[in-house]
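I opened this structure to look up two things. My notes follow.

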Amino acid sequence: MKTRSVSLRVKLPVFVFVLEVVIFALYAAFVTYDEHTDARFQNNHTNPMDNAVYKDYPFFADIQVMIFLGFGCLLAFFRLYGFGGMVFNFLTATFAIQWAILVQGYFQFSHDGKIHLGVINLINAEFACAVVLISFGAVLGKTSPLQLLVMALLEVPVFAVTEWAVLKYLKINDAGGSILIHLFACYFGLGVTFVLYRPHLNDGHAKENTSYQSDILSVMGTLFLWVFWPSFNSALTLGGDDQHRAILHTFIGLSASTLTAFALSVMLNKNGKLTMADIQNVTLAGGVTVGASVDMMISPAAAYALGVMGCTACMLGYKYLSPLLARRFRIQDQCGIHNLHGLTGLISCAAGICAILAADEEVYGPSLYEIFTHRAPVEGDPKLQELQMLIPGLRPGLGRTAREQALFQVAAVFSTIGVSALGGVFTGFILKLPYLAPPSDDFCFDDKPYFDVPPNYDSPLQLYSKTATDDSAA
Amino acid sequence: MKTRSVSLRVKLPVFVFVLEVVIFALYAAFVTYDEHTDARFQNNHTNPMDNAVYKDYPFFADIQVMIFLGFGCLLAFFRLYGFGGMVFNFLTATFAIQWAILVQGYFQFSHDGKIHLGVINLINAEFACAVVLISFGAVLGKTSPLQLLVMALLEVPVFAVTEWAVLKYLKINDAGGSILIHLFACYFGLGVTFVLYRPHLNDGHAKENTSYQSDILSVMGTLFLWVFWPSFNSALTLGGDDQHRAILHTFIGLSASTLTAFALSVMLNKNGKLTMADIQNVTLAGGVTVGASVDMMISPAAAYALGVMGCTACMLGYKYLSPLLARRFRIQDQCGIHNLHGLTGLISCAAGICAILAADEEVYGPSLYEIFTHRAPVEGDPKLQELQMLIPGLRPGLGRTAREQALFQVAAVFSTIGVSALGGVFTGFILKLPYLAPPSDDFCFDDKPYFDVPPNYDSPLQLYSKTATDDSAA
Amino acid sequence: MKTRSVSLRVKLPVFVFVLEVVIFALYAAFVTYDEHTDARFQNNHTNPMDNAVYKDYPFFADIQVMIFLGFGCLLAFFRLYGFGGMVFNFLTATFAIQWAILVQGYFQFSHDGKIHLGVINLINAEFACAVVLISFGAVLGKTSPLQLLVMALLEVPVFAVTEWAVLKYLKINDAGGSILIHLFACYFGLGVTFVLYRPHLNDGHAKENTSYQSDILSVMGTLFLWVFWPSFNSALTLGGDDQHRAILHTFIGLSASTLTAFALSVMLNKNGKLTMADIQNVTLAGGVTVGASVDMMISPAAAYALGVMGCTACMLGYKYLSPLLARRFRIQDQCGIHNLHGLTGLISCAAGICAILAADEEVYGPSLYEIFTHRAPVEGDPKLQELQMLIPGLRPGLGRTAREQALFQVAAVFSTIGVSALGGVFTGFILKLPYLAPPSDDFCFDDKPYFDVPPNYDSPLQLYSKTATDDSAA
């Protein structure tokens, strides 16, 4: 115990300071302002109130609350790992965002040899950060902070490359990030936890449980995520009616899945009681399920149905699939991310494909070619000029049919799953390096190895659960 | 005990699934997009940045925080009913909003046989939801989740009809919802709790108390409500200076009532100490009291005075009126909603009437007829044309005098109170059906019948409270 | 004990009611609406959507969350003083804002004998409130609520005069308030605590510690502050690219300081573990350090470096300087505000001066004279007319050189520190009046003298910490 802590005392600072020097050097060499943050670009034709900050910042602020308070509280559900859940989330998120600004910047926001920065980059980086935090859910309580930083260090570039390739070459529709965020994060996390398999944990662990206070805290995290999820799903959609629909569908989907989660939780519990883990997780399924089609004209009723379906799949996953994965397939998915992000993500992709196949000009009007940009006629097509009369500024597309677009979506799903699972497995092997100081099985789900804990950290609880009738109170 | 839980295991899912099928069918049949969410309505004259989403969504997001985190934490103040307070609030709110979208949609937002949906409908539905949650406060800890869902099922339509009738026929000014939200919710809740009277609870209940942690959590709820209350009171006002004033007055009113609440709490406590229940509730009185006149030119000083008066009435209500109502009138008002929403609501209405009587063109300029739309001259009146020169787009009104408008306000107050109290009593009788599984007196204020609780749920606390008088207490 | 409580029972209400009467009278006599809140100023040329409320309110709402939830939770870190930390913050903040509206209004927003009110005044008042709350950190747990109200009563005018004088006569650049907010608050607080020196507390105090739950609550406060700090630093900058940069720099600075704080916390702890107090405080250092130059073209890399430097200074201050100040200089700085606001504030000022010296037209373009308004050419200078061609509406300045502007910044730093320290010492002497009922040393860091506490308030914790080795634990 002592040896390991002392070694973190040197290893963590060394690792962080090296990272900081590298990041600082890269910022200094390559990062500059974009046209909305650079004073030089402002002239007498620029209206300050048209600055992108007013469009982007409200969404950014909402997503910040989700990342730091939402994920932070949600992951603090363990009785003796509340500091770990909340504080390692803080550490990992902070690093992932800094790093994603650079990596995504290189792939998506660079020209003239520079990465150009505005709040829009921060929103994109927070999405990359959400990916890391979802994967974190698979290994919660079983990894040292050093392992988490290394995971973020590796996952962000794999994600950024995948995102860039899928958006640039497959050109898919995925406004809520069901494919790129949820499926990627899920299968990456499963890959990592597959390699980090700890057989003894399958028999249960004395510290793998919650307390009354930690359960309430975790529900607060759920509520932060629930309340601001419409901002998450709509932050990068087209402005106007598309963004409006994304907000509406996300809200309806979440509402439907919440109501369903309560019913299923009671029904599947042998005493007919509510399980707090269901309230904390399954209620959110609808937010993922509406993701891939969130900005399309799917109708409010479809958003409702998607919420119910996503919730049902997620709940059955928790009940039947997760135990199976852990016992048979060596996949110990601590927070059940395969249920909340994997199964729901797949349903979402399927729904997205249906919505794409059903999309036509009758329903969307000419703005069909704004939402599905790649279905717009190619340069030179007379139909393009016709449309440009109706929608000035419409860009030429690839002339894809609905069917072609759907096929590209399918390709994106499979390639994302493949790349992320492989990346996760690879990352898992790196994380096994003894230098990264993984906790022993005994000290999983425990704040003690990493924090100076206050005297009451486990007293009244242990007092009760272990020794309620005997004398061994310390 | 066991029997009842098992019965919820069947009843709750059956009830929820039936509701969901009905709601889905109604959404599928009748709900469509409004002009700001429908892609077909966008053309080359539509500027995406003029979409109503940018005006409405920030207010919607703030109110979401109030509903789910504010009410959720505030209602979690019981020591052994923290899950119940927070989680049943989540359940009830989610269902109430889905349902209100349909019911309000039918009365207020339907044309061509369809309900047209945008974020503005969600804001209205959240107001209906707030009504249900306030009423919930009267019966907190004494109702099963099934009873709460039935209450929402009945209260939402009664509210929606009242709202529609009062706005359409009496045409009142009530920007902050003092009449329609607070008075309605209060008297409906009192009606319900009157019927659900439990004589034994008047002698105190072993579980009807707080813990240190639950009190802090509840204060957090208060702070969420406090911070975003200006958004609540201003969300549906006219844009521009009216909305600006609503924010200002709400903030000033809340500030004044908070300061007063601290002074009165210390003064009325026999040991000269602060009572946490006062901090949690009475501080908020000012937000209600400014409601009915919140967008009018009442002056900042008047908002301040309203905050002080509302707080005083609310505090005296908690101290003297609530015990009386419980003992003499069979009205067990668990969270004291009659103090925080009833008494303050009445003061607010009186203040609103004074503000209406005092309103003239000297103070408001021609925009008098925008705020008090029904005082605008009738179609054909030459004065109307004169005013339309000053305010293009001014709609003809009813030519009401200030006095007439005040009388309609009075009519609205009495009819709202009457309808809501009757509706509450009727709902109470329905809630008494044994099928809805009300908890026995013993299991009031207790999470155990409804939740799988962690081992520490009552241990250290009971440990202490049970043995405080023997030798182990320190 | 009893006597004192009884005396608060009279003193606090009397004091509050007198304040309220005075404040109400001043509001009634002098406070009116500004052009954006007054209905009379709206005419057919006024577009409601151009009202200042839409620009200011989002920032105001974010700062509200910081003040009431951020500071409130952060200050609730003591095991037995959670009510005090959170609730006295609520009381003090509410009063400080009411009072600041009047005092700042008199100095900055009055004309025609009236103070003109809009949301912009509320933002300014919340900054004054933040000043009081930072100073509160120095004496947390050692002051009665009456003392806190008196402190706010005195600090707000001293602050408002300093702010007015520095902005009007020295005309400095300080967008994030490093000089006016952080340095002022810090040295005022140190002045107060210097006078209120309690020698016995230097030997440690039985109640001066945290619990597992209170540490988590305090981290939530940190996260609220962290998440919305960009709004705090940018609320009063120029609109457009300036505000955009302020958001970006604050985020980058905070990220860098958070990562550094984790590394240093582990490194400086003798067991190589994380210290929760570091996570709660030092992570925020970057938000202060970028303050003085937050809207300038300092480059993202410089914001990153400032975050790292501020964090390092802050951490070393906690480790080495605070104990020294307490033992040698009678300055018991309870929350370490000298580290988080003083040292970082000084670094920020130095960085601001460097940024000012480096600022030229090559980097900023003509908008140099919008950010550094006092460097704009004087009225009549032909260069002014040239610039006005490029930036219509540019106001004539004082023709200051970069060097002159830098010297004024230096002058502002020293005079602010001097005035605030003196004001703090003076306030400290007033706070020593026995009428204000300071708690005895024994009852420091304890809720009991001020609150009706629930039975479990210290039981399970004391049970453990006092009797861990004896037999009374069950």
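The model is predicted, local features need pLDDT of at least 70, side-chain atom pairs count only at pLDDT 80 or more, and totals for chains, interfaces and linings use all residues. Residues are numbered from 1 along each chain as its sequence is written, chains are lettered from A and ligands numbered from 1 in the order in which they are written, and side-chain values use heavy atoms, without hydrogens or water.

**Entry 1: salt bridges**

I found 21 salt bridges over all chains. Side chains of opposite charge can pair when their charged atoms come close.

I began with Glu361(C) and Lys383(C), whose closest N and O atoms are 2.5 Å apart. This pair links distant parts of the chain, from helix 13 to helix 15 of chain C, 22 residues apart. I took helices as DSSP runs (H or I, at least four residues), numbered from the N terminus. For burial I used relative accessible area: buried is under 20%, exposed over 50%, partly exposed in between (1.4 Å probe, protein chains only). Glu361(C) is partly exposed at 32%. Lys383(C) is partly exposed too, at 29%.

Next I looked up Lys207(B) and Asp446(B), which meet in a salt bridge at 2.6 Å, N to O. They sit 239 residues apart, Lys207(B) in the loop between helix 6 and helix 7, Asp446(B) in the loop between helix 16 and helix 17 of chain B. Lys207(B) counts as buried because its relative accessibility is 16%. Asp446(B) counts as buried at 2%.

Then came Arg245(B) and Asp242(B), a salt bridge at 3.6 Å, N to O. Both lie in helix 8 of chain B, three residues apart, about one turn of the helix.

**Entry 2: chain C against chain A**

How many residues of chain C are in contact with chain A? I read 74, facing 77 residues of chain A, where contact means heavy atoms within 4.5 Å. The two chains bury about 6500 Å² between them, 74% of it on carbon and sulfur atoms. Buried area is the accessible area (1.4 Å probe) that two parts lose on being put together, summed over both. In chain C, Tyr212(C), His244(C) and Leu259(C) lose the most area to chain A, together 13% of what that side buries.

I also checked for salt bridges between chain C and chain A, and the count is zero.

Methods
A salt bridge is a side-chain nitrogen of Lys or Arg within 4 Å of a carboxyl oxygen of Asp or Glu. Helices (H or I, at least four residues) and strands (E, at least two) are DSSP runs, numbered from the N terminus.
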